[in-house]
Amino acid sequence: MTNVLQVLVLGLLLGGVYALMASGLTLMFGVMRVVNLAHAAFTILAAYIAFYAFTLFQVDPVVSILITMPIMFVVGMVVYIALFPRIENSPKYVEMTVLATFALALIVEGTLTYFFTGIFRSTRPDYATDSFFWGDLFVPKGQLWALAVSLVLLLALWAFLKFTKFGNAVRATMQNRTAAEIVGVNVRQVSTVSFGVGMALAGASGSLLSYLFPFFPARHWQWVAILLSLIVLGGLGSLKGAFIGAMALAVASAFVTDRFGPTWSPVTFYLALFIVLLVRPQGLFGKVVRI
Amino acid sequence: MSALLELRDVRAGYGKGPDILQQVDLTIEEGRSACIIGPNGAGKSTLLKVVAGILSPRAGEILFRGEPVAGKRPDQLLRRGISYVPQERSVFPTMTVRENLNMGAYSLSDKSVVAERLERVLDMFPVLAERRNQLAGTLSGGEQQMLTLGRALMVKPALLMVDEPSLGLAPQVADLIFETLQHLDGSETTVLLVEQNAHRGLEAVQWGIVLDLGTKRFEGPANSILDDPRIRELYLGTRVGSAPEVAE
Amino acid sequence: MADIHVEPVVEADEAPAPEERRGGSRSRMIVGILVAVVVLGLPLARPWISAYNYVLQVGLLILMWVAMASSWNIIGGFAGYISLGHNVFFGIGGYFSGLLLAYLGWSPFATALGAGVVAMAVGVLVGLITLRTRGPAFIISTIALLLLVHNAIDNWELAGAASGLSLPLPPLPVEWLKVPFYYGMAFCAFGAVGLAYWLAHSKFGLGLRALSQDETKAEVAGINTRMYKVTAYGLSAFFIGVAGALFGYSLSYLRPTTFFEIGLAAQMVLMSILGGRATVAGPVIGAVIITAVNEYSVVQFGATPLNIVVTGLILLATLLFFPLGIVGSLREAGRLPRWLDWDS
């Protein structure tokens, strides 16, 4: 067993990436009540983009964020416009978004498997295996970069929401959609762009994922379950909650991995989900949702 | 006085349900504040929702200053000058009072105008001025209603529609709200209210409109409409002049 | 004064004649008997069927999916709570009976009902935790449950972990090997559809449907929604567990991916939605169509990942254009043939 501080550091390093991955998902839920089960599938799509950028053109995975984010932003808006206005008036809207994104996830997974097969892939920049020492603690470089990038992007997201006019419109829509409409927010536009932003965040996560964890198409189910679990813990629709949930569960799973091995790491998240549902179903910062 | 808002033969309902508004013909004159009264289920709130763009009409025309606006989105209508305060609490709960009011000015581009309007609204509602940095979700019901009203006034709308301003409020608080609405007489804002409490609503406006079963029954000056015998029939179900009236 | 318009009461001679109504349930009974005869008699028609084992295999699969889709429909259709990891019960049943066979020699035909009970118990226990909220948390929890159990079995050496566990073959001559499994799945199919039929006509089912429309109103009306939901979840697991026990035995091999791969859950969802959620006949039709389509495409194109793409596309198309499914849409248009209307 490793020293507690070391495990804590490893957990926190990963927590940032989980937070980044989950932020797009919770943003989509907050703005338009969409539970995007395809989120991780698109993240893995972005990971493949980063992988081929690296393998074919030697583009560094972190740098590939500049490619994956815009691509996924556009993909996101296209997907939103193609699907969601049609579902908008369904009687059980949230449920419809779940089923529709579930179908979407299957389509993305199948297509990825068809073109890229199920072989485990990983980009291998130097820093993926490098590490440096900070006192007694061993800090893997790749994960440190991932944390740094994640924090920068999350900070940018926060600033966007808090200080820009459009960002305020997004926040308003998250808090009360009708009220936003009546003060002049074009909520359809806000929803479309928010979906794009959420996907762009998935894109950035995908670039980071490409070197942090080996990936293959069907892996997205594990990711989506992890992300959704930590969002439920933090509270659906709460960005603050997603961040805290990500950090807390990343650290917890680091301890579990240290004690029981890496295959049990995802189980930490699932168990956390059941515990949250048992004890405080709305999560830390969520409101009670009615379907 | 010119017609600010006209509804012609408007039919509307929710989802696949029945028509709530049957054949509404209505004119709101500019500068003549009005209140819509009527029994429960008459379609009063539905009417406002249709004009506000929350609900699309199934048939009929809606003209605002002569321009057809039926089926337009709320944000499009706001830019034309229609502001709406719904029945449900609609503050932004985790934004401060000030942020809420600033959101009210979302459609305005001139920053200095916004600052000036903010001060004006805070003058109108001193309670809000006191709590300008408080989170809107922590305000009392009455304060939230004031906030929603103040927010709607940030754009100096030509038509301000308020759905049941006194709902769930203590009488003194409701008084303040109605007073504020009454003060708007003579400004560029024409007020259109929906009120369950007919007396209260009519006291604050110039013109009364009675709605029942989805159509306009009759209308007239606010101070005399309550004396109209047809009112009793509507609310109490007795036909004027018919056999046994309830013993007084 | 408004004219009060009163709808004339439906004239007495317009009401459906008693003979008509009886005719409806008679045609239903005829169809039911025909189906039963065909299904149960198929294995006996050996002399007239070439590729006997293949035909029985396909028949067995169709019956299995009828059972699974109809069971899913209890929670996903009647109760309105979508379960996306529902095949977890398939695996629980499969491993329960499979392990008892491998280590104690007990035939899964004997333990299959036990497998169903175990699956049901898991459903109830988990449901007590996860059905407390109304939001999407339940749906998320069903995926988590699936992955959790999959993960656990992947790491369980005794169960063969990820590479799996070989099971002894049933003590039967090869030509007749499929027959008991066929009848076993027929039992599951008739059982699950019978359960759904009973639900659709019972007070319990009415309560479920009420809560699926508006849970608050159902609660206010005095329905103990939590008990109803948990019971529905448990019931929806039973026949899936039984089917799992039989299926594992029919393959003579237990492997986690066979049972826990999410594509199986997707099939159940798709079949019910395509056929018509919250109807009794819907999942049956959906299961028959989709299984036939799957078999056909596997024969024509082989088992490629495009199958999962097709599943997703059909599901998406159904949701966008056809949300009531076949039975639901026919009923809405007033053109549902009486023999397909098993709900009234």
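1. A:G184 sits in a loop of chain A, between helix 7 (177-182) and helix 8 (187-212). This is a predicted model, so read every position here as computed. A:G184 is buried, because 24 other C-beta atoms lie within 10 Å and the cut-off for buried is 20 or more. Its contacts reach into chain B: leaving out residues up to four places away in sequence, A:G184 touches B:D75, B:L78, B:R79, B:Y106 and B:S107. Within chain A, A:G184 and A:A169 are 15 residues apart in sequence. Their C-alpha atoms are 9.1 Å apart.

2. **Confidence.** For the complex, the predictor gives an ipTM of 0.89 and a pTM of 0.88. Chain C has a mean pLDDT of 87, and 93% of its residues reach 70 or more. The stretch to treat with care is residues 1-21 of chain C, where the pLDDT is below 50. Beyond near neighbours in sequence, that stretch has six contacts in the model.

3. **Where chain A meets chain C.** On the chain A side, 38 residues are in contact with 34 residues of chain C. Three helices of chain A each supply at least two residues of the side that touches chain C: helix 4 (93-116), helix 9 (220-234) and helix 11 (265-279). Helix 4 of chain A gives the most to that side, with 16 residues.

4. **The nonpolar core.** The largest nonpolar core holds 288 residues. Which residues touch the most other members? They are A:L227, A:L230, C:A67, C:M185 and C:A243. Helix 1 (residues 4-32) of chain A gives the most to this core, with 16 residues. Take C:A67 as a worked case. Leaving aside neighbours within four places in sequence, C:A67 is in contact with C:M185, C:C188, C:A189, C:A192, C:F239 and C:A243.

5. **The sheet of chain B.** Four strands of chain B form an open sheet, in the order 2-1-4-5, with antiparallel pairing. The edges are strand 2 (19-29) and strand 5 (67-68) of chain B, and each pairs on one side only. Helix 1 (residues 44-52) of chain B packs on this sheet. Helix 1 of chain B touches strand 1 (3-13), strand 2 and strand 4 of chain B, and its direction makes about 70° with that of strand 2.

6. **Strand by strand.** Strands 1 and 2 of chain B pair in the antiparallel sense over seven bridges. B:G13 has B:D19 in strand 2 of chain B as its bridge partner. These two strands form a hairpin with five residues between them, and B:G15 in the turn has a positive phi of about 55°. Strands 1 and 4 of chain B are also antiparallel, over five bridges. There B:R11 stands opposite B:A59 in strand 4 of chain B. Strand 4 (residues 59-64) of chain B is joined to strand 5 by two bridges, again antiparallel. B:L63 stands opposite B:P68 in strand 5 of chain B.

7. **A helix pair in chain B.** Helix 6 (residues 141-153) and helix 7 (residues 171-183) of chain B pack with their axes 10 Å apart, at an angle of about 10°. Helix 6 of chain B is therefore roughly parallel to helix 7 of chain B, since angles under 35 degrees count as such. From helix 6 of chain B, the contact is made by B:G142, B:Q145, B:M146 and B:L149. From helix 7 of chain B come B:V173, B:I177 and B:T180.

8. B:E164 lies in the loop between strand 7 (159-163) and helix 7 of chain B. B:E164 counts as buried because 21 C-beta neighbours fall inside 10 Å. C:A278 is in the loop between helix 11 (262-275) and helix 12 (281-301) of chain C. C:A278 also counts as buried, with 26 C-beta neighbours inside 10 Å.

9. **C:L320.** Is C:L320 buried or partly exposed? C:L320 counts as partly exposed because it has 16 C-beta neighbours inside 10 Å. C:L320 lies in helix 13 (residues 306-321) of chain C. C:L320 and C:P43 are 277 residues apart in sequence and 40 Å apart in space, C-alpha to C-alpha.

Key. Residues are numbered from 1 along each chain as its sequence is written. Chains are lettered from A and ligands numbered from 1 in the order in which they are written. This is a predicted model: local features need pLDDT of at least 70, side-chain atom pairs count only at pLDDT 80 or more; totals for chains, interfaces and linings use all residues. Two strands pair if DSSP finds at least two bridges between them. Two residues are in contact if their C-beta atoms, placed from the backbone, lie within 7 Å. Axes are lines fitted to C-alpha atoms, for helices over the stretch in contact, and angles run from 0 to 180 degrees between N-to-C directions. A nonpolar core is a set of buried Ala, Val, Leu, Ile, Met, Phe, Trp, Tyr and Cys residues joined through C-beta atoms within 7 Å. A residue is buried if 20 or more other C-beta atoms lie within 10 Å of its own, exposed if 12 or fewer, and partly exposed in between; C-beta atoms are placed from the backbone. pLDDT is the predictor's confidence in each residue, from 0 to 100. Angles under 35 degrees count as roughly parallel, over 145 as roughly antiparallel, 65 to 115 as roughly perpendicular and the rest as oblique.
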